[in-house]
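This report describes selected features of one protein chain.

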Amino acid sequence: MATEVTLPDLGEEVEDVTISRWLVKEGQVVNAGDPLLEIATDKVDTEVPAPASGTLLSIRFGEGEIVELDAVIAVIGEATEESPPVSAPSDSAPAVTGADQAAAADSGASLSGTRSGSGQDSRREDLSATPVAKRIASEAGISLAAIPGREGEQISKSDVEAYLRERTDAGRPEPDAGTEDGTDRQEEFSSADDSVASLELRRLAATYDIDLREASAGRPVGALTRHELIEYAREHKGLSHLTAATVENAPKQPAARDRDRAPAPDQAAGGDTSPGQAASDETLIPHSRMRQVIARNMVRSAFTAPHVTTVHSVDMGAVTGHYQAQKTEFARQGVRLTLTAYIVAAVVKGLKAVPAANAEWTDEGLKLKHVYNIGMAVALPADETGVGGLIVPVIRDAGDMNLLGIARQVADLAARARENKLTPSETQGGTFTLTNYGTSGSLFQTPVILQPQVAILGTGAIEKRPVVASSSKPYEASIDDHLAFRPMMDLALSYDHRVLDGASADAFCGAVKSEIEEWPQAT
């Protein structure tokens, strides 16, 4: 009997995933547990194992397509079996690609602002719809109440698309008068369906958040060419990596409406290099998906929370002494002890001392978290540009663990993060983040908060520094004052000034500092 391949549990924060790469082709034999494909979410890439042994009978979604969490993405069975047909849409919607979303939005361009009467809205405002159906309707600017529904059933993606097609067909103009069949008008456009752009352009638009209606400048989006889309992205979206040089098979001639325009700078003989196009002594490297996600999250955080950073120097002598004494014993128990485990334990103490640091800002109020899920930033290997990615696995319920339990989680998550073996759920639900840039020798940075958290703690490199040891007050001279060379580390706490102020942020750092400096020594 054929086995349907579905996505594993990816956690509550994931709504859909992108098919990154198929590792097995149709017709190949697989064993249960073998990696079948790679998928990507906004936070992590992961492999999906084969749920059963057999032959991969069919692949339902191609690489680069976006699918819903409950979609059947492939079928495994006996080589002599036939792949079961794709189920007709019912309560759950089939998968949707980024291209489909863009196409739906384009098809509904003329429906912006269209709404059913208030009576109909009030009667149907409680209608249920699948997530994809809601997203397409929202992008097309239509109300779900305007879509004919099946009594007692959810509105699906197919319902929304059928409604969009019907309304678009009804609003399409007749052929121009003065021509026998409108051929003069049709020859101006290369697309067979003026209301829908090609699949390639829709995918490009969905990937880089380009509004095809704006790019088409009032014409039917089906008339839009890749050349025009690239030029629009250059001029209006700041997407410097989208150039004729980086998009394969770009049209050699501009569209009809551009025939009388001056050639683009990169096409003009002897012209200057256009924005975003690599010169002869440069190399243009397109952004990776992870780098795009990091960029989006960092910009969002910078413009969401007013960042302030406070710095405290910490004497690591007690912790390093305990580490040296206990690392062999931990190794006997199969756990690699690192200094990061001590810092995580100290962070929990700080969060308990200042609960507001373990919270989330909302317009209604401060949402305090009653669990301590500590995110731990892990740097990934660098690419050809010398820059690697960054991923943040989460140590869940760190407040319930002793040092051994924390150390085990730190070592396991860090190792699997670098091997790209984390599951999406292991990067979700963090309430506070720790970033240890000191491993690369940095003494001090100002980390950016990982939204929607309210603070992030950075730890610098440990180095021996001359420190004045004294039994008197810091600002009083004493005959007992002397220099001591101590292993020191700087803590940098970046915090959301809407939630924490200087006093509360310093109280948090003070609790962390005390826990580290007063760590009990092994007996």
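Which residue in strand 7 stands opposite aspartate 16?

## Strand pairing

The model discussed here is predicted. In it, glutamate 68 of strand 7 is the residue that stands opposite aspartate 16. Strand 2, which covers residues 16-22, runs antiparallel to strand 7, and three bridges join the two.

This pair belongs to an open sheet of four strands, in which the order is 5-4-2-7 and the pairing is antiparallel. Strand 5 (45-49) and strand 7 (66-68) form the edges, each pairing on one side only. On average, and with direction ignored, neighbouring strands of the sheet are turned by 45° against each other.

## Nonpolar cores

The largest nonpolar core comprises 54 residues. Ile374, Phe432, Leu493 and Phe508 have the most contacts inside it. Helix 11, residues 339-353, gives the most to this core, contributing nine residues.

Another core, of 21 residues, lies apart from the largest one. Leu10, Trp22, Val67 and Ala71 are among its members.

## Backbone geometry in loops

Most residues other than glycine have a negative phi, and most peptide bonds are trans.

Aspartate 397 is not a glycine, yet has a positive phi of about 55°. Its place is the loop between strand 15 (394-395) and helix 12 (403-418). With a relative accessible area of 36%, aspartate 397 counts as partly exposed, because this class lies between the 20% limit for buried and the 50% limit for exposed residues.

Asparagine 420 likewise is not a glycine and has a positive phi, here of about 60°. The loop that holds asparagine 420 runs between helix 12 and strand 16. Asparagine 420 is also partly exposed, because its relative accessible area is 38%.

## A cis peptide bond

Glutamine 451 and proline 452 are joined by a cis peptide bond, with omega at about 5°. Proline 452 lies in the loop that links strand 16 (432-435) and strand 17 (455-459).

Technical notes. Residues numbered from 1 in each chain as written. Predicted model: local features only at pLDDT ≥ 70, side-chain atom pairs only at ≥ 80, totals over all residues. Heavy atoms only, no water. Buried < 20%, exposed > 50% of the residue type's maximum accessible area, 1.4 Å probe, protein only. Core = buried A, V, L, I, M, F, W, Y, C linked by side-chain atoms within 4.5 Å. Pairing = 2+ DSSP bridges. Axes fitted to C-alpha atoms, helices over the stretch in contact; angles between N-to-C directions.
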